Structure formats: C-alpha cells, structure tokens
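Please look over the sequence and the model before reading on. The report below starts with one residue and then widens to the whole chain.

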Amino acid sequence: MLTNLKQIRINSGMGQTKFGNMLGCFGVSKTTSQSYYRKYENGSLNLSAQQAYDIMQTIKISLKDLLH
C-alpha cells in the first residue's frame, strides 16, 4: 500500500478528482471519481504499474519517493 499517496497528491497541488483522472479513475460524476480514487488513498485498491509510472512521470518523482 502506498501510505503517502495522499501526501504526494497534496504536494502536487491536485485535488482528488484531478489526481484520480490522471490515474484513469473516471466516473459518471465528480463524486463518483473522488469516491473511486479515495480507495487508492486508503489502500482498498492497489495501483497498477502503469498508474505508478504515470504518477512518476507527471509529478516528476522517483519510484523511491512514490513507495516511501
């Protein structure tokens, strides 16, 4: 589980919807997207390798920083 995903999102200046959209958490509504993304932040869902790569490329952080 990425215990620092929320902090990474906050440090990037993104809200849950924008960060979730970056990861492909598209929902029918803003609330659905936020709810779905929240599962990543609380560890209910694990990121795929592609999602981890997308975070690293978009926010310009290392794998070490992502997993720390």
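Leaving aside its neighbours within four places in sequence, which residues is Asn 4 in contact with? This is a predicted model, and the answer holds for that model. Asn 4 is in contact with Asp 65, Leu 66 and His 68.

The C-alpha atoms of Asn 4 and Asn 42 are 9.9 Å apart, although 38 residues separate the two along the chain.

**The chain as a whole**

The protein chain has five helices and zero strands. Along the sequence the pattern reads α-α-α-α-α. There are 68 residues, and buried residues make up 35% of them. Take the contacts between residues at least 6 apart in sequence: 50% of these join residues at least 24 apart. The chain exposes about 4,400 Å², and carbon and sulfur atoms supply 52% of that area.

**The nonpolar core**

The largest nonpolar core has 15 residues. Which of them touch the most other members? They are Leu 5, Phe 19, Met 22, Leu 23, Tyr 37 and Ile 55. Four helices each supply at least two residues of this core: H1 (5–12), H2 (16–22), H3 (30–41) and H4 (49–59). H4 gives the largest share, with four residues.

Ile 55 deserves a separate look. Not counting residues up to four places away in sequence, Ile 55 touches Leu 5, Ile 8, Phe 19, Met 22, Leu 23, Leu 47, Lys 60, Ile 61 and Leu 66.

**Helix H1**

Which residues of H1 are buried? They are Leu 5, Ile 8 and Arg 9. Viewed down the axis of H1, these buried residues fall within an arc of 100°, so they line one face of the helix. Just after H1 comes Gly 13, with a positive phi of about 80°.

Gln 51 lies in helix H4. Is Gln 51 buried or exposed? Gln 51 is buried, with a relative accessible area of 10%. Apart from neighbours within four places in sequence, Gln 51 is in contact with Leu 23, Tyr 40 and Asn 46. Leu 23 is also one of the core residues that touch the most other members.

Lys 60 lies in the loop between H4 and helix H5 (63–67). Its phi is near 60°, a positive value in a residue other than glycine. The relative accessible area of Lys 60 is 67%. Exposed means over 50%, so Lys 60 counts as exposed.

| Residue | Relative accessible area | State |
|---|---|---|
| Gln 51 | 10% | buried |
| Lys 60 | 67% | exposed |

Conventions:
Residues are numbered from 1 along each chain as its sequence is written. This is a predicted model: local features need pLDDT of at least 70, side-chain atom pairs count only at pLDDT 80 or more; totals for chains, interfaces and linings use all residues. Side-chain values use heavy atoms; hydrogens and water are left out. A nonpolar core is a set of buried Ala, Val, Leu, Ile, Met, Phe, Trp, Tyr and Cys residues joined through side-chain atoms within 4.5 Å. Buried means under 20% relative accessible area, exposed over 50%, partly exposed in between (1.4 Å probe, protein chains only). Contact means heavy atoms within 4.5 Å. The arc is that of the directions from the helix axis to the C-beta atoms. Accessible areas come from the Shrake-Rupley method with a 1.4 Å probe; for residues, only the protein chains shown count as cover.
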